[in-house]
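Please work through the exercises below with the sequence and the model in view. Each task is followed by a solution in steps.

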Amino acid sequence: MRSADAWKVGKNPVCAPDRNREPGRSTIIDSGPETPEVSQRAPERLDGPLPEAVRQRVVEAAAELLGTLATEEIPASLRPFARWERRHRAKRAGRHIAPVLEQDPVFREKAAGPLRAAEPELVEAVASGTVPPAADPVTVAAVAYLLRPPGWPRLVETARRELERSASAAEDAAYERRIAALQRELAEARAGRAGELERLRAELRKAKAEISELRRKLHEERAAVKAARQRAESLAAELEQQRAAAREAGAAADKELRRLRSKLAQAEAAHESSRRAAREGRNVDDVRLRMLLDTLVDAALGVRRELALPSTIGRPADSVGSVEPELLAHRALPGRSLSDQDPKLLDRLLTLPQVHLIVDGYNVTKTGYGDLPLADQRNRLVSGLGGLAAQTGAEVTCVFDGAELDAPVKMAAPRGVRVCFSAPGQTADELIGELVRAEPPGRPVIVVSSDREVADAARRAEARPASAALLLRRLGRG
């Protein structure tokens, strides 16, 4: 920003007063007759950018003009903005309008139209070089920039100086107001400080008296606390001695109680173990014997039906002479001569009397429908085994590996189907082995699993293995 001294008379040749000017001529614009030298000199230009207020006034005049011109009269670069609202054109298209005003004299002269219509007398005065002293410097500079009469840069610079002076004056006035306010605040603070100081002194005297009284009371309390602490320490020592004696007596009593409880628990465990052993041995033997007896009876009846054996008691018709037909040849027991993969194997085995079908659950489900969740796999297999048990009357046990479960599973097994999960630390294969070994010798047992180790273990336990595919094919037939 230029200082005011830089614009004093004699410092700037543009603003220097002309001592030979005619009386009554304006000191702002020299409107004397144009000489040939003046007409041939270079175009006048500003030394710097337009003041922001002047630029805003010029852009607003051009933006207002855009809405009134025909399309062919508008410069090509400004035609897209002609359809905008005037306030939007002045605010958002100003950076596009300003270069066109600088480079297009025709558009610049047309842009002075709104100003000429609003203030015709001021426009004529600026054009003639006789600017009224009371005219708004921003408006004068805007008209001078658009019409560009001789000496127009001087009018713009005059407006710049006026704006700078006004801003400086407003800033000085604000500073003076701020200083006056601060001086008032300082005077008020000093006046309040004396009263506050006197009040604080009175409070200090009162506080000192209270502190003296409190110190006296504190000394008395300390003496009382010291005596009470000594008394408490003596009582605590006596109490600790009593507690130590009580702890020793309690420890001895607890030790004796634990010893007696341990002996009692051992005696109860031994008694219960002996009772359970006697009961389980009797029950297991009874169950195995009854199962073997039922198996033998059913096998004998089946053999009698297969071989068509006559009754041991003679019949009256047997004494009548006749020619009897040839008896059917003896058939082997079902499944004895069939391979493990024969489709007819499972059907033949399920015809055996008192047959026990043990199924390796997850081995079958993952073979047939392993893409389903485990819960759906179990439900689907158990439902199919329920139908198979109802059709054949066989005892069916389905074994699942309990290690894959996060929590105990509640299942409503169909009638005739026993569902078992292996215990923690036990595999389903081990549980299947225990089920096979629990059966009495001679009872037909079928183990369904595609696991080679499970099939070999079943053979060693005199059970008949069958693949998971055979069971899935049988369940698929319904």
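This is a predicted model: local features need pLDDT of at least 70, side-chain atom pairs count only at pLDDT 80 or more; totals for chains, interfaces and linings use all residues.

Residues are numbered from 1 along each chain as its sequence is written, and side-chain values use heavy atoms, with hydrogens and water left out.

**Exercise 1.** State how many helices and strands the protein chain has.

*Solution.* The protein chain has 15 helices and 5 strands. Helices (H or I, at least four residues) and strands (E, at least two) are DSSP runs, numbered from the N terminus. Of the 478 residues, 27% are buried, where buried means under 20% relative accessible area with a 1.4 Å probe, protein chains only.

**Exercise 2.** Determine how H7 and H8 are oriented to each other.

*Solution.* Step 1: the axes, lines fitted to C-alpha atoms over the stretch in contact, come within 10 Å and cross at roughly 60°. Step 2: angles from 0 to 180 degrees are taken between N-to-C directions; under 35 degrees counts as roughly parallel, over 145 as roughly antiparallel, 65 to 115 as roughly perpendicular and the rest as oblique. Step 3: H7 and H8 are therefore oblique to each other. Step 4: Leu122, Val123, Val126 and Ala127 of H7 meet Thr139, Val140, Val143, Ala144 and Leu147 of H8, contact meaning heavy atoms within 4.5 Å.

**Exercise 3.** Identify which residues touch the most other members of the largest nonpolar core.

*Solution.* Step 1: a nonpolar core is a set of buried Ala, Val, Leu, Ile, Met, Phe, Trp, Tyr and Cys residues joined through side-chain atoms within 4.5 Å. Step 2: among the 36 residues of the largest core, Leu78, Ile97, Leu101, Phe107, Val126 and Leu146 touch the most other members. Step 3: elements giving two or more residues to this core include helix H7 (120–128) and helix H8 (137–147). Step 4: a second, separate core of 28 residues includes Val364 and Leu381.

**Exercise 4.** Describe how H11 and H12 pack.

*Solution.* Step 1: helix H11 (residues 361–369) and helix H12 (residues 374–392) meet at an angle of about 100°, with axes 10 Å apart. Step 2: they are therefore roughly perpendicular to each other. Step 3: Val364 of H11 and Leu381 of H12 are among the residues that make the contact. Step 4: Gly361, Tyr362, Asn363, Val364, Thr365 and Tyr369 of H11 are buried.

Conventions. Buried means under 20% relative accessible area, exposed over 50%, partly exposed in between (1.4 Å probe, protein chains only).
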